[in-house]
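Have a look, then follow the questions below.

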Amino acid sequence: MQSIYLPHLLKMPQSSQTLYLDGMVTGLETLTPVRGEIRVRHGGTFLEVTATAETIVTLLCDRCAQTYNHRLAVDASELIWLNKQEENPKYPSERELTWEDLSEMLPPDGHFDSEGWLYEQLMLAHPLRRLCGKNCQPPAVEEAEAQALRDQRWSALEILKQQLSSQS
């Protein structure tokens, strides 16, 4: 996927470019190619980026540790401010942040990395809780296995707990 040189974007019709997606994204393991589109519009002092894309990824269930396929769909938009980012050596690297510091900024004569931006959006679309289904059950553990899996450092606390419960 190509990066977009921002001064060239101003010369395009309606100061915008649409990238059609049908391929893999570097760093993202997917079962199917990422399909969709990214539209980048130059608004003078900002970039307006919108994307719709989808793919299928293989995830690991948090409960049963089985793999399953999950459809990732992205419908995102973002404004990226265009501003010269000048580092002033007079100021220390540790400083108080303002709201303006928390927004995404690019230099007006720089490049927009569409693949990196799409990668970030797809990673944000991953589910926080990865469960393979509604009826997913944790793996069955035998009592002997459960005893072996217990952390032995807690055994002294377990003995104390038993002594306290027998005294009451």
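Q: Is Arg 130 buried, partly exposed or exposed?
A: In this predicted model, Arg 130 has a relative accessible area of 28%. Buried would need under 20%, and exposed over 50%. The value for Arg 130 falls in between, so the residue is partly exposed.

Q: Where does Arg 130 lie, and which residues does Arg 130 touch beyond those up to four places away in sequence?
A: Arg 130 sits in the loop between α2 and α3. Leaving out the residues up to four places away in sequence, Arg 130 touches Leu 59, Leu 60, Cys 61, Asp 62, Arg 63 and Tyr 68.

Q: What distance separates the C-alpha atoms of Arg 130 and Thr 67?
A: Along the chain, Arg 130 and Thr 67 are 63 residues apart.

Q: Is Gln 17 buried or exposed?
A: Gln 17 belongs to strand β2, which covers residues 16-23. Not counting residues up to four places away in sequence, Gln 17 touches several others, including Ile 4, Leu 9 and Val 40. Its relative accessibility is 16%, and the cut-off is under 20%, so Gln 17 counts as buried.

Q: How many residues make up the largest nonpolar core?
A: Residues with the most contacts inside this core include Ile 38, Val 40 and Phe 112. Helices α1 and α2 and strands β2, β3, β4 and β5 each supply at least two of its residues. Apart from it lies another core, of 7 residues, with Val 57 and Cys 136 among them. As for the largest core, the count is 23 residues.

Q: What kind of aromatic pair do Phe 46 and Trp 81 form?
A: A search of the whole structure turns up 2 aromatic pairs. For Phe 46 and Trp 81, the ring centres are 6.0 Å apart and the planes meet at 70 degrees. An angle over 60 degrees is what the label needs, so this pair is edge-to-face.

Q: Which strands does the pair of Phe 46 and Trp 81 link?
A: The two residues are 35 residues apart, so to speak in distant parts of the chain. Phe 46 counts as buried at 18% relative accessibility, whereas Trp 81 counts as partly exposed at 38%. Phe 46 is in strand β4 and Trp 81 is in strand β5.

Q: What is the angle between the planes of Phe 112 and Trp 117?
A: Phe 112 and Trp 117 are both buried. Their aromatic pair is tilted, at 6.4 Å centre to centre, and the angle between the planes is 55 degrees.

Definitions and conventions:
Residues numbered from 1 in each chain as written. Predicted model: local features only at pLDDT ≥ 70, side-chain atom pairs only at ≥ 80, totals over all residues. Heavy atoms only, no water. Buried < 20%, exposed > 50% of the residue type's maximum accessible area, 1.4 Å probe, protein only. Contact = heavy atoms within 4.5 Å. Core = buried A, V, L, I, M, F, W, Y, C linked by side-chain atoms within 4.5 Å. Phe/Tyr/Trp six-rings, centres within 6.5 Å; stacked < 30°, edge-to-face > 60°.
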